[in-house]
Amino acid sequence: MESEGTFDARGTRANPVPRPAGPPPEAPLVPPGAPRRPAHAPVTRPALVEWLRTARPAAAPGIWRFGHVERPDQAPDLVPARQLLSGAFIAYLCGWLLWSLLWNGYLEGWWIFVDDWWLLPMLWLVPEDWRSGTSSYTELYVVVAYLYYALILSLLARGFGRVGNWGEVWQRFGVPVWPLFVLLPGVWREMPRTSWLLWVSNVYWVLLAVALVAAVGRAGRWPAVRRRLDARRGGPAAPPPPGADPAEWPEIQRAGLPEAAARLAEATRSGALGDVDVARIRRAWQSVHARPERLAAFAETVRRDGPAACGHPSGLRDLPVRTARHDLATAQVRIGTVVDDDRNPYARRTTGLALEPALLGTSLVAVGPSGSGKSVRLVRPVVESLCLLALANRAAVVAVTAQGSGIAPDDAFDLVVSVGRPDSTHDLDLYGGADDPDEAARTLAEALVGDLAAALPGGDSRRAATALAQLIGPYRAVHGHFPGIPELRELLGGAPEATGALRAALRAAGEASQLRELDARERQSARADDIGVLLAERVAFLDRPAFAGSFRTDGGGRPFSLRAIEHPLRVRVDLPERGHAEASRIIARLVLAQFTDAALTRDDRSLFACLVLDDASYTVTADAVRAVQRLRSANAGVVFALRSLEDVPETLRGPLLGAVGCRMAFAGLAPWDGNRFAETWGTEWVQTRDVTNRQIISDEPLTKALHMMRRLVTGKAATAEAVTVREVERARWSASDLAHAVPAGHAVLSLTSVGGDHAPPLLVDLRT
């Protein structure tokens, strides 16, 4: 529903065409030079009607909201397992003893004036002639008698079961009301062996076997049973009442568009509509709410295109493959499950953990050694989720990774910029599409010497930016474009031929102001501490034969500028790490500087823009840290993946962790890195109980017997306890715990949303 048209690689619009929302599907709009691919059939899509109807209650940051069920804030006060089982067993013995006394007649005698007193209710109801051996109702009497015995057993089992708390035993350990079944063999030993009794005996043993299998399965936490229980717990709710079914698109019906709602509802029921389509059309509908004059155009687009309405510029409606669980209704991607551990708050245990733009908007730092799962279990799901959101016209993503890392297939992106490869369809704009020499020089200086800014005069890269501006400004005034890598290297190195030719061209063009800039640069180059020497050395890393066709500025290439993040683009930048490690770091810093500048200066901030750095080693600079803090208000964020905080300048390690809202420590973290996280996460007040036990010694025989029985039941001697409760301040996660207590495949993650809500550090299993 936005006024858009074709856009080039620099992000500028060409031939703007007003349209309802997204391009017509018969003429998809893509950046020039991008490969046109047919729309892929979705590989993994949820059952759409159930997906739409599933509840997504509001929850704390990071909770997987799809089918979420709230947990209590505090754990229930449970009886210790040993005491619970001991009490249940003693109640069972008491019940069996009472039944044996009844069955064997030990509760009859001179003190009870009626024999078989506990059988009187049955005897009152059964005719007396049934009890004679010659009656034709003898078999029926036997059946009634043993049904009465079963009734008495049931009453005993229920009564002693309540005393022994058998119900809680079943809930916690999966053991059914087996004492009732165990009592029966004592009865059957006295029963006549009739055919129906043998059948009941077989039923008993089957029930007992089922009870044992259930107990073992519950204790063993069988994965299949657990997944089934989880699916049942988070399953879809009952069908909503008419007029509130999201599968019928009621909001569009209420707006007076019954034809459009009927078209979408039919596509929903038939399966032609996917979750990406729903998210994309809902975003277009939101734009209609903002600008009601687009209502008619929206209705026409839906009527004409149906599920493909308001499409992405590439024409695609889904990714070729998905490797993570996504919920596009909430823009979440699930990355793991909060572990049932004492360190985690009880309300968060066993809940799913998910990331979304509201969290990534505060930026994220993930630290862990190689092989800990940063790329597979964090970067890949996040990039995949952002690509899906881009197809829904909700986000723009730029992923920077090493060539061949495979965080996502090429078909998942609109552009793949492979720096240094001749088959790359696009090139990276060295100056970020800037027209102002000072702006272009600032981002380029940040890329070239940003990692050394602390050691430079003034403690920043301003002198380097000034030196670059004094050269690229005069060059642009003469040639109409900024210099390429070879020309820039010659100018920074003070080559007489290059500077002489530039000076002559400036004089011929009458550019007096630019000539003064060049003179100032020549005077500074004569100083011993001239920054131009360092800049020339850094530019030399990019002036290699492998990059001969890259970073062209004469209009011959197809440069891609980060200013294009105003559009829902999916871009991957492949770095040539093999043999060109320093050049890759310069390029990564260049992309980071250009991204933060473009995100902060773009006019339309409705799209969430995210930069994902699969390896941010030696990429973080002081200016980058300051820019990341400002991205929250610009609806943008950065994901930094680091092998160690040692790859960040020492003076920036603390500020970096403080600037981002989401911090993630993977298993295998070094203790010195863990200490940084521990300082950032701070401390909390916890309640501790100091218990002092004093054994009670008694000389009386009865008291000794009671103490012995108590020790037999509880396993503890009779003691008198003195309890001292106090509150102490402890680290949420210590450096030692982060280094040694985080299992493989796990991570400790703290979250903060753009709105200010936060979640404490949580131990998360990234494999589930």
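View 1. Tyr-92 counts as buried because its relative accessibility is 6% (buried, under 20% relative accessible area; exposed, over 50%; partly exposed, in between; 1.4 Å probe, protein chains only). The model is predicted: local features need pLDDT of at least 70 and side-chain atom pairs pLDDT 80 or more, whereas totals for chains, interfaces and linings use all residues. Residues are numbered from 1 along each chain as its sequence is written, and side-chain values use heavy atoms, without hydrogens and water. Eight aromatic pairs are found in the whole structure (ring centres within 6.5 Å, with the six-membered ring of Trp; planes under 30 degrees apart are stacked, over 60 edge-to-face, the rest tilted). Tyr-92 and Trp-96 form a tilted pair, 5.4 Å centre to centre with 50 degrees between the planes. Both lie in helix H2 (residues 81-103), four residues apart (helices are DSSP runs of H or I, at least four residues; strands are runs of E, at least two; numbering starts at the N terminus). Trp-96, at 28% relative accessibility, counts as partly exposed. Phe-89, Tyr-92 and Trp-96 form one aromatic cluster.

**View 2. The pair of Trp-99 and Tyr-149.** The ring centres of Trp-99 and Tyr-149 are 6.4 Å apart and the planes stand at 70 degrees, so the pair is edge-to-face. Trp-99 belongs to helix H2 and Tyr-149 to helix H4 (residues 138-164), so the pair ties together parts 50 residues apart in sequence. Trp-99 is buried, at 2% relative accessible area, and Tyr-149 is buried at 12%.

**View 3. Helix H20 (residues 531-542).** Among the buried residues of H20 are Leu-534, Leu-535 and Arg-538.

Terms used: Expected span 1.5 Å × (residues − 1).
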